[in-house]
Number of protein chains: 4
Amino acid sequence: MTVAVVFVTIAPLGTGTPSLSRYVAGVERILQRSGLVHQLTAMGTIVEGDLDAILAVVREMHETPFGQGAVRVSTLIKIDDRRDKEHTIARKMRSVEEKLLEPGQPPPGVAITPPRTRRRSAPRGRR
Amino acid sequence: MTVAVVFVTIAPLGTGTPSLSRYVAGVERILQRSGLVHQLTAMGTIVEGDLDAILAVVREMHETPFGQGAVRVSTLIKIDDRRDKEHTIARKMRSVEEKLLEPGQPPPGVAITPPRTRRRSAPRGRR
Amino acid sequence: MTVAVVFVTIAPLGTGTPSLSRYVAGVERILQRSGLVHQLTAMGTIVEGDLDAILAVVREMHETPFGQGAVRVSTLIKIDDRRDKEHTIARKMRSVEEKLLEPGQPPPGVAITPPRTRRRSAPRGRR
Amino acid sequence: MTVAVVFVTIAPLGTGTPSLSRYVAGVERILQRSGLVHQLTAMGTIVEGDLDAILAVVREMHETPFGQGAVRVSTLIKIDDRRDKEHTIARKMRSVEEKLLEPGQPPPGVAITPPRTRRRSAPRGRR
């Protein structure tokens, strides 16, 4: 199994309104049902897991806006696939945060709007 | 002033090791010093603010790995610039989360490794 | 069948040398064997065809640098999927070029290094 | 001077029609007037030159759809900046093509719709 970390953003083009959150929510629901560890951000969703499982879900996510009436969809996928060590969202964050705690670091900021990485308490697989 | 939300990821190519966190930390420090509202994620950093101010800092971030010995740097920038209403990281997240609370939503997940959006208590500008 | 146009760029990280053309060539060979219509550019490859067929080949392309010794691979995929009309590389180019020929256009430039869109004379499928 | 190769794609969101070529043409005209070496492709434009000069033009390109009525614009920029040797569109292409000519290469394809890299015969700077 290849554990990769993937960033994905899906946007319909040519909708009648620049507000796209209902499409983003539609896409996010597919991901929530998948049981994959993921994190919604303001610019896309980060998913962690077996690369083939992720790509299968991303394919399904890409299809969602068409089901909501869109006729053109633009999807951006960025795969970070590392195989020499454990590679997860938490590990990547910890690795950078450790470096930031070394001397030379400016004083820490103030947390606002903490996004959450979601792990389904009981992954059910896709239904 | 144009308030945009920007995703940026900067990676040196051809370094002797696949571990890039010290470069990511170097880039993140530039952003922390800038006073811009931002959020570090496992796949890149999300920045909010005046587009020209952001692009000036991103230009500086892009230069950082060269100062750390890299000879080739790959930078990806995704700009989301919306001008018909207030457009911020918090607003974008809230908008999607509201849609997700509507009927049809699967049960909420469990938060792990919450990233933080940092706002410097007293932005000092770049020094 | 969904005919999409996809941009893909695949780069190994931490290879010790900033010259990546041998990896790019390895990835390109997979695409050439696929029989899919595609165009190599200086920043990535553009592929046209059935979206599922493209994603299957992209998955195979992403695997290639690992076979050449890389331990970390960064892949960027941008899908443009339009379903209300014929959607191909040639059609997209023609559409913009027609708009550019309308009044207001600056004088045409001079062609250097023309990339080519390749269509295998006899697609053999993947082997 | 830093000679970088940059891929840029600019798309308005929420325009009411999925046909975006008139916006792409508007953006392309800005680039043509800049005198920078560039190449229009079906998925974005590739620009070569001094990184600061390119970013200044990209900033102007990003603004163009707003002038054509868009209220939200999504811009993707990918910078490939290499400083240990000459780094141009032509050089990058040649480097991969040489590798492809080595043993193991499948038979060459057939060229359709050749894009062109444009170099203004007499760059006039932006007007």
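A salt bridge here is a side-chain nitrogen of Lys or Arg within 4 Å of a carboxyl oxygen of Asp or Glu. By that rule, the count over all chains comes to 32 salt bridges. Keep in mind that this is a predicted model.

Let's start with one of those bridges. The side chains of C:E63 and A:R83 pair up at 2.5 Å, N to O. This pair runs between chains: C:E63 sits in helix α2 (residues 51–67) of chain C, while A:R83 belongs to the loop between β4 (72–82) and α3 (89–100) of chain A.

Now for chain A and chain D. How many salt bridges does the rule find across the interface of chain A and chain D? The answer is 0. The two chains do touch, though, with 12 residues of chain A in contact with 13 residues of chain D. Together they bury about 850 Å², and carbon and sulfur atoms give 68% of that area. On the chain A side, the residues that lose the most area to chain D are A:L13, A:G14 and A:P18, which together make up 51% of what that side buries.

| Helix pair | Axes come within | Crossing angle |
|---|---|---|
| α2 (residues 51–67) of chain B and α2 (residues 51–67) of chain D | 12 Å | roughly 150° |
| α1 (residues 21–34) of chain A and α3 (residues 89–101) of chain B | 9 Å | roughly 60° |

Take the α2 pair, whose axes cross at roughly 150°. An angle over 145 degrees counts as roughly antiparallel, so that is how α2(B) lies relative to α2(D). Their crossing is right-handed. On the chain B side the contact uses B:L51, B:D52, B:L55, B:R59 and B:H62, and these meet D:L51, D:D52, D:L55, D:R59 and D:H62 in α2(D). Sorted by type, the residues of this contact come out as 4 nonpolar, 2 polar and 4 charged.

The other pair joins chain A to chain B, with axes crossing at roughly 60°. That angle makes α1(A) and α3(B) oblique to each other, and the crossing is right-handed. From α1(A), the contact draws on A:S21, A:R22, A:V24, A:A25, A:E28, A:R29 and A:Q32; from α3(B), it takes B:S95, B:V96, B:K99 and B:L100. The residues in this contact of α1(A) with α3(B) split into 4 nonpolar, 3 polar and 4 charged.

Technical notes:
Residues numbered from 1 in each chain as written. Chains lettered and ligands numbered in written order. Predicted model: local features only at pLDDT ≥ 70, side-chain atom pairs only at ≥ 80, totals over all residues. Heavy atoms only, no water. Axes fitted to C-alpha atoms, helices over the stretch in contact; angles between N-to-C directions. Helix = DSSP H or I, 4+ residues; strand = E, 2+ residues; numbered from the N terminus. Parallel < 35°, antiparallel > 145°, perpendicular 65-115°, else oblique. Left-handed = near helix turned anticlockwise from the far one by under 90°. Contact = heavy atoms within 4.5 Å. Nonpolar A, V, L, I, M, F, W, Y, C, P; charged D, E, K, R; others polar. Buried area = accessible area lost by both parts, 1.4 Å probe.
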